Amino acid sequence: MTGKFVWFEGIPFPSLDYSPEILREVQESFLVKDEDVLLLTFPKSGTNWLIETVCLIYSKGDPKWVQSEPIWNRSPWVENKYGYELLKEKEGPRLISSHLPIQLFPKSFFNSKAKMIYLIRNPRDVFVSGYFFWRIAKFVEKPESLEEYFEWFIRGNMPFGSWFDHTRGWMSMRDKENFLILSYEEMKWDMRSAVEKICQFLGKKLEPEELDSVLRNSSFQAMKENNMSNYSLVKGLHLEENGHLLRKGVTGDWKNHFTVAQAEIFDKLFQEKMADLPQELFPWE
Ligand SMILES: Nc1ncnc2c1ncn2[C@@H]1O[C@H](COP(=O)(O)O)[C@@H](OP(=O)(O)O)[C@H]1O
Ligand SMILES: CCc1ccc(OS(=O)(=O)O)cc1
C-alpha cells in the first residue's frame, strides 16, 4: 500500500478532505463541549447505522430529520475539513462522528463530560465490509485482491491504521462513566435492547411508539432507501456508480470469504493482540 493516502503520525488517512494541518489542529484546538455526543468507530463497524439511530432517538422517532439532511451534516466528522468547519460553527449540543484513534483525538475531550459511544464489530466482518467498500471508494488506494487486503489489515496498513490498535486504545476508556461500548452484533441480535441502552446512556426517554419508529426507520431496508443516509448523493463523485455503502448488513459474512488458513492466522493474531482484555467485551468471540 503506497499511494492515494494522507499520512499523519504513522496512520494512513483517505485522500478526501484530510490534511496533516487540520488533523493537528483538531487534536490540539478543537473544543469538545460537555453537552456534545461523540460517535466513535473503526471504519466499517456500522458507523452510519449508529449515527442514524442516535439521530432518530434525538428526533423521538420522527424520520423528517434523517430524510431531509445528509448524514454527514447531522453528525459531522471532526477530522476532515468539511466536518471540522461545520462543527466549529454549530451552536448547542452537537453530534460528532469520528474514526480517529485515541492518540489523535481532540485533547479537550479527555477533560470534558461529553458522552462517547464506541461501536465495535467483529474485525473479520469489518475486514470483509472494508474490502468491498474500499474497492468502490474513489478516495483510497483500492486493494487488488482479498489476499492483498488481508496483508494490509493484519499489518494495520490501511485507512485509519490497525483495527487492533484502534480498539485497544479506545477500550482503555471502558471504565469511564461517559463512555459506552456497544457492538454491531448486539444491534443486529436485539436492536430494541440496543436502542434502550443508548437512550439510558444519553438520558433520553422514548414512548413505546417512538421507539418502534426508531427501529423501523433505522432498519437496513429503510436506510438503504434513504438517499440522505445511503451515500447515493456522492455516487460518481466519491463512490463508483455501482457502489453501495449498505451492502449486506449481516453478521458472520466473513465465513463466506476467509480461507481456513486466513481464519487461523486471524484467530492467532486476535489472541495475541487482545488476550489481556476481558473477552466479554467481544460478544462475537
Ligand atoms: N441499518 C443497518 N443495519 C445493518 N447493517 C448496516 C445498517 N446500515 C449500515 N450497515 C452496515 O454497516 C457497514 C458499513 O459500516 P460503516 O457505516 O461503518 O461504514 C456495512 O456492512 P456490510 O458491508 O457488511 O454490509 C453496512 O451494510
Ligand atoms: C463522502 C464519501 C465517504 C467518505 C467516508 C465514508 O466512510 S468512511 O469514513 O470511510 O467510513 C464513506 C463515504
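Colleague: Which residue takes a positive phi in the hairpin of S1 and S2?
Modeller: That is Glu9, with a phi near 50° in a hairpin that has two residues between the strands. Bear in mind that this is a predicted model, where local features need pLDDT of at least 70, side-chain atom pairs count only at pLDDT 80 or more, and totals for chains, interfaces and linings use all residues. Residues are numbered from 1 along each chain as its sequence is written, chains are lettered from A and ligands numbered from 1 in the order in which they are written, and side-chain values use heavy atoms, with hydrogens and water left out.

Colleague: In what sense do S1 and S2 pair?
Modeller: Antiparallel, over four bridges; Val6 stands opposite Phe13 in S2. Strands (E, at least two residues) and helices (H or I, at least four) are DSSP runs numbered from the N terminus, and two strands pair if DSSP finds at least two bridges between them.

Colleague: Back to Glu9: which side chain does it meet in a salt bridge?
Modeller: Arg24, at 2.5 Å from N to O. A salt bridge here is a side-chain nitrogen of Lys or Arg within 4 Å of a carboxyl oxygen of Asp or Glu. Arg24 is in helix H1 and Glu9 in the loop between S1 and S2, so the pair ties together parts that are 15 residues apart in sequence.

Colleague: How many salt bridges are there by this rule?
Modeller: The count is 18.

Colleague: New topic: in what order do the strands of the open sheet come?
Modeller: The order of the four is S4-S3-S5-S6, with parallel pairing. S4 and S6 are the edge strands, each pairing on one side only. S5 and S6 share five bridges, and Met116 stands opposite Phe179 in S6.

Colleague: Which strands does helix H10 lie across?
Modeller: S3, S5 and S6, and H10 runs at about 170° to S6. Contact means heavy atoms within 4.5 Å; angles run from 0 to 180 degrees between N-to-C directions, with axes fitted to C-alpha atoms, for helices over the stretch in contact.

Colleague: And which residues lie nearest the centre of the largest pocket?
Modeller: Lys44, Asn48, Phe133, Tyr231 and Leu245, out of 44 lining residues. A pocket is an open set of points on a 1 Å grid over the protein atoms alone, where a 1.4 Å probe fits, with protein on both sides within 12 Å along at least five of seven lines; lining residues have an atom within 4 Å of a point.

Colleague: Which helix gives the most to that lining?
Modeller: H6, with six residues.
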